Amino acid sequence: MSFSLRKQVALVTGATDGLGKKIAIALAQAGADVIVHGRDVQKVTQTCQEVQKLAPEVSVTELVCDLTQPAAIETQFATIKKLDILVNNAGVWLEGNTIDGNPEKILEVLGVNLTAPVLITRLLLPVLKHAEFSQIVNVSSIAGVEIPSGFFHTVYSASKFGIQAFSEALAKEFDNSNVRVMGYYPGGMETQLFVKAGHTYKQHEPWMFDPQESVDAIMFMLTRSPKVVVKRMDLINHQQG
Ligand SMILES: NC(=O)c1ccc[n+]([C@@H]2O[C@H](COP(=O)([O-])OP(=O)(O)OC[C@H]3O[C@@H](n4cnc5c(N)ncnc54)[C@H](OP(=O)(O)O)[C@@H]3O)[C@@H](O)[C@H]2O)c1
């Protein structure tokens, strides 16, 4: 039996681009009211309009907050009074030799990828606990599960291993409750994540896959019967072509 997302209220962080935007669209098309979060007010408004056009019957709400700013997280996310689904998706990429890391960039990666989802989750847990049944999906990465050779991203991996630890510990904390906590661990996806970090990767590197695969995986996780849980899902390329 699958679980209907109709009339559920869902928040997707980092919903203005890439995977998050596609998840917001899929949730709205499944009948959920969606809160679209992003850091850029124009991108948030534009994304809301796109989501609304594709799912005219649901409510689509804007939430603007720069996730590098803990004080702003506390005020902006506290405006949410009803929530059934939290997708902690926002993230930034950093690679290269550790010695070359810019301290400001390191703090941004740890802030957006790890501190922010912890703060947002903590803040919204009372609201999620209040729902009849609620769900949290933490988007980590396969880089938060395995350390590849010859490809250095110590800080990004640290942030993603961190969110894995938070997610799995939180799942234990809320075991046998009305809050279901799940972790999603994708390999490389065809998004602008790397370009935004200043790299010249092509849109289709052999190690990347279509983010729609991740949307389908996350929607599968969210629509399982409340009695069961897909505790974690790792999605990686089986063929590098
Ligand atoms: N792409 C991959 O290969 C890959 C693989 C494994 C895991 N992931 C993870 O998947 C998630 C989604 O990434 P993506 O590939 O879809 O990248 P993306 O297209 O760049 O999307 C990232 C989202 O996070 C937002 N964001 C970044 N910094 C922010 C900040 N300071 N405050 C608020 N929002 C911020 C971005 O806003 P803007 O639109 O303003 O940039 C965007 O909406 C991330 O957690 C990433 O680590 C990605």
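## Overall architecture

Helices (H or I, at least four residues) and strands (E, at least two) are DSSP runs, numbered from the N terminus. By this definition the protein chain contains seven helices and nine strands. The structure is a predicted model, in which local features need pLDDT of at least 70 and side-chain atom pairs count only at pLDDT 80 or more, while totals for chains, interfaces and linings use all residues. Residues are numbered from 1 along each chain as its sequence is written, and side-chain values use heavy atoms, with hydrogens and water left out.

The C-alpha trace of the protein chain spans about 45 × 35 × 35 Å along its principal axes. The radius of gyration is taken over C-alpha atoms, and the globule rule is 2.2 Å times the number of residues to the power 0.38. For 241 residues, a compact globule would have a radius of gyration near 18 Å, and the 17 Å of the protein chain agrees with this.

## Contacts, surface and charge

A contact means heavy atoms within 4.5 Å. Among contacts in the protein chain with a separation of 6 or more, 71% are between residues 24 or more positions apart. A residue is called buried under 20% relative accessible area, exposed over 50%, and partly exposed in between (1.4 Å probe, protein chains only). Of the 241 residues in the protein chain, 51% are buried.

Accessible areas come from the Shrake-Rupley method with a 1.4 Å probe; for residues, only the protein chains shown count as cover. The protein chain exposes about 11,800 Å², and carbon and sulfur atoms supply 55% of this area. Lys and Arg count as positive and Asp and Glu as negative, whereas His and the chain ends are not counted. The place of a charge is taken as NZ of Lys, CZ of Arg, CG of Asp or CD of Glu. The protein chain has 21 positive and 24 negative side chains, and 6 Å separates the centres of the two sets.

## Strands E4, E5 and E6

Two strands pair if DSSP finds at least two bridges between them. Strand E5 (residues 134-139) runs parallel to E6, and six bridges join the two. E5 also pairs in the parallel sense with strand E4 (residues 85-88), over four bridges. Val137 in E5 is the bridge partner of Val87, and Val137 also has Met182 in E6 as a bridge partner.

In a regular strand the side chains alternate between the two faces of the sheet. In E5, Ser134, Ile136 and Asn138 point one way, Gln135, Val137 and Val139 point the other way, and all are buried. Strand E6 (residues 179-186) is mostly covered, with eight of its eight residues buried. Val179, Val181, Gly183 and Tyr185 point one way from E6, while Arg180, Met182, Tyr184 and Pro186 point the other way.

## Residues outside the strands

Most residues other than glycine have a negative phi. Lys7, although not a glycine, has a positive phi of about 70 degrees. Lys7 lies in the segment before E1 and counts as exposed because its relative accessibility is 58%. Asn176 is not a glycine either, yet has a positive phi of about 60 degrees. Asn176 lies in the loop between helix H5 (154-173) and E6, and its relative accessibility of 79% means that it counts as exposed.

Ser4 is found in the segment before strand E1 (9-12). With a relative accessible area of 44%, Ser4 is partly exposed. Ser4 and Val51 are 47 residues apart along the chain, and their C-alpha atoms are separated by 19 Å.
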